Amino acid sequence: MDRGSRVSEGPRTSRRSQHAQAGRSQNGNPQGELLPDDEFSGGTSGTLPPQDLDAEKATLGGIMLKGDVLDGVPFLKGTHFYSAANSAVFEAARHVWQDQSTPVDAITVAQELEKRGQLGIVGGPAYIAGLLEAVPHAAHTAFYAKLVFDRWQRREIGYIGLEAL
């Protein structure tokens, strides 16, 4: 899969992700917010699958404020983010981090997103700057990342349940 096409295709890659894609906005929603996924909730309640967009934003903001935090969250992947925009930002930050000669911050992450043709899709520099403001405390980034991972696990369990029906 071409890394540059990742946002438009959505970040989920598991076979259960087909259920989640029904709720993903296809118009490049700049906030990366998802619409209610009626298939996940059984079609009646309009309940969103388990997610914590605040934790996603705090994780990303914390990574950009303190890039070395990625050493402490090796379990986290772009596919764990509910928001397509947040997934793209995470993948860009991880790529910058892997190039050990480049610091991970809002500028370098925005540049990486621009190289990938995704900066406008995620909401532009304003969205990246907003992520920095979403961090209650950068020292707690690993905790926020665990919340993101936990919500992903819960979504996966829900998708398994749907497939069993």
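I began with the order of elements, which from the N terminus on reads α-α-α-α-α-α-α-α. The model I am reading is a predicted one, and my tally of its secondary structure came to 8 helices and 0 strands.

I then looked up the totals for the chain, and noted that 48% of its 165 residues count as buried. The chain exposes about 8000 Å², of which carbon and sulfur atoms supply 54%. Turning to contacts with a separation of 6 or more, I found that 66% of them are accounted for by residues 24 or more positions apart.

Next I checked the span of helix α8, which covers residues 141-164. Its 24 residues should span 34 Å at 1.5 Å a residue, and because its end C-alpha atoms lie 35 Å apart, I recorded that the two values agree.

I also asked which residues of α8 are buried, and listed T141, Y144, A145, V148, R151, R155, E156, Y159 and L162. I kept in mind here that an α-helix has 3.6 residues a turn, so residues three or four places apart point the same way.

My last entry concerns Q118, which I located in the loop between α5 (106-115) and α6 (119-122). Is Q118 buried or exposed? I noted a relative accessible area of 1% for Q118, and since the cut-off for buried is under 20%, Q118 is buried. I then looked up its distance to A85, and found that Q118 and A85 are 8.7 Å apart in space, C-alpha to C-alpha, while 33 residues apart in sequence.

Note on methods:
Residues numbered from 1 in each chain as written. Predicted model: local features only at pLDDT ≥ 70, side-chain atom pairs only at ≥ 80, totals over all residues. Heavy atoms only, no water. Helix = DSSP H or I, 4+ residues; strand = E, 2+ residues; numbered from the N terminus. Buried < 20%, exposed > 50% of the residue type's maximum accessible area, 1.4 Å probe, protein only. Contact = heavy atoms within 4.5 Å. Areas by Shrake-Rupley, 256 points an atom, 1.4 Å probe, with all protein chains shown as cover. Expected span 1.5 Å × (residues − 1).
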